[in-house]
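Here is a short briefing to keep beside you while you look over the chain. Take a moment with the sequence and the 3D view, then read on.

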Amino acid sequence: MSTTPVAPVKFIPISQPTMGAEEKSAVARVLESGMIAQGPRVAEFERAFAQMLGVKHAIATSNGTTALHAALLAHGIGAGDEVITTPFTFIASVNSILYTGARPVFVDIDSTFNLDPSLIERAITPRTKAIMPVHLYGQPVDLAAIGAIARRHNLVVIEDACQAHGATFDGQAVGSFGTGCFSFYATKNMTTGEGGMITTNDDAVADAARLCINHGMRVRYYHESVGYNFRMTDIAAALGIEQLKKLPVFNARRAQTAEFYVNRLVHIPGLIVPTVAPHRTHVWHQFTLRVQPPYPLSRDQLLDAFKQAGIGSGIYYPIPVHQQQALHGLVPADLRLPIAEQFAKEVVSIPVHPNVTDAQREYITEFIGSRTG
């Protein structure tokens with residue numbers, strides 16, 4: 001094998017939040033104001049986020065999971081209903097369906113890592129109420145195809161856009177096609193530490209979501225329905241306002257690094273680099289390779305090699321949701337989704353966050369190439 005390149009730093013993390021003086025100052029102003037729960041900064045963040053997406057309503061929540069849960073409830077989805085979704089996602093997508101009493105119905109994925117629209121209609125039953133596509137790794141699903149299916153069958157589309165802040169399909173922001181749900185967890189393209197957002201153009205859905213996240217309360221201490229405490233704090237919103245301003249720069253740097261990786265790695269036998277499907281703007285929450293023969297290392301061996309070389313990496317996700325122990329008895333025991341199951345054995349993600357330097361990405365690609373001999 002060729003000589004292993006020398007690392008430019010001690011360790012390159014797989015993800016790293018980018019916080020500056022603006023975020024620190026914004027949080028300090030909230031703390032000084034004495035209004036640290038759901039107050040004026042939350043409302044300001046909601047307005048700014050809605051404007052970015054071009055939607056009428058944005059409802060801030062405590063995290064991405066509560067955004068998904070509240071969005072489902074706002075559409076009246078509950079016990080006895082079915083929601084079609086992907087098995088290749090973080091389990092929060094599916095948990096949110098289960099929280100409502102509804103049942104997830106899994107459809108396999110395509111080469112983009114996203115739900116395969118060509119398989120959806122055969123999964124629809126009289127109990128189906130919604131389709132929940134996940135814009136995995138920051139690449140939008142085929143929203144034109146899914147939207148057409150939803151219209152034909154009178155189904156709701158709830159977009160899990162938790163990894164896709166700023167992504168577009170046909171020039172339109174994800175989260176604006178149906179009811180959108182976003183996460184602002186620390187690893188996301190923009191962060192509030194923890195936090196979420198529901199986006200919609202439907203006044204009734206927005207009203208129901210606001211009631212849901214605030215104990216069923218429109219007027220203080222007058223409760224119209226049973227609700228939850230899914231509210232965002234002003235501290236988190238203050239971070240979100242500043243992060244949202246920086247999101248275009250963050251995403252542009254991610255895209256530059258992704259392009260660099262593709263150009264350097266696309267010719268290595270056994271490595272399958274991600275591609276951007278037509279009509280999509282990918283925001284590269286993750287840069288995910290698939291590892292196959294004749295690459296000389298298995299995926300897990302490469303993962304170990306990265307660790308030894310000081311390169312952060314991750315497997316998103318090692319077990320498809322339909323095969324998770326938590327779903328035992330909730331999905332057919334003989335369910336097989338071959339693409340998701342295959343990809344789960346092959347995927348590995350490498351650092352693509354905005355703080356990856358030119359020298360670091362050079363080192364990462366040289367290291368991957370050096371394993372080939």
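A residue is called buried when its relative accessible area is under 20%, and exposed when that value is over 50%. By that cut-off Tyr137 is buried, because its relative accessible area is 2%. Please keep in mind that this is a predicted model. The points below go from the whole chain to single residues.

**Overall build**

- The protein chain holds 10 helices and 15 strands. Its radius of gyration is 21 Å, close to the 21 Å that the globule rule gives for 373 residues, so the chain is as compact as a globular protein of that length.
- Along the principal axes, the C-alpha atoms fill a box of roughly 70 × 55 × 35 Å.
- Of the 373 residues, 57% count as buried.
- If you look at contacts between residues at least 6 apart in sequence, 72% of them join residues at least 24 apart.

**Surface and charge**

- The accessible surface of the protein chain comes to about 15,800 Å², and carbon and sulfur atoms account for 55% of that area.

**Cysteines**

- How many disulfides does the model contain? The count comes to 0, with a disulfide taken as a pair of cysteine sulfur atoms within 2.5 Å.
- Cys181 is in no disulfide, and the nearest cysteine sulfur, that of Cys162, is 6.5 Å away. Cys181 counts as buried because its relative accessibility is 0%.
- Cys212 is in no disulfide either; for this residue the nearest cysteine sulfur belongs to Cys181 and is 11 Å away. With a relative accessible area of 8%, Cys212 is buried.

**Cis peptide bonds**

- Pro293 and Pro294 are joined by a cis peptide bond, with omega of about 15°. To find the spot, go to the loop between strand E14 (287-291) and helix H8 (299-309), where Pro294 lies.
- Another cis peptide bond joins Tyr316 and Tyr317, and here omega is about 20°. Tyr317 is in the loop between H8 and helix H9 (338-346).

- Tyr137 is not a glycine, yet its phi is positive, at about 65°. This tyrosine lies in the loop between strand E4 (128-132) and helix H5 (143-153).
- Asp170 also has a positive phi without being a glycine, and its value is about 55°. Look for Asp170 in the loop between strand E6 (168-169) and strand E7 (172-173).
- Is Asp170 buried or exposed? Asp170 is exposed, because its relative accessible area is 52%. Tyr137, by contrast, is buried at 2%.

**A proline in a helix**

- Pro338 is found in helix H9. At 51% relative accessibility, Pro338 counts as exposed.

Terms used
Residues numbered from 1 in each chain as written. Predicted model: local features only at pLDDT ≥ 70, side-chain atom pairs only at ≥ 80, totals over all residues. Heavy atoms only, no water. Helix = DSSP H or I, 4+ residues; strand = E, 2+ residues; numbered from the N terminus. Rg over C-alpha atoms; globule rule 2.2 N^0.38 Å. Buried < 20%, exposed > 50% of the residue type's maximum accessible area, 1.4 Å probe, protein only. Contact = heavy atoms within 4.5 Å. Areas by Shrake-Rupley, 256 points an atom, 1.4 Å probe, with all protein chains shown as cover.
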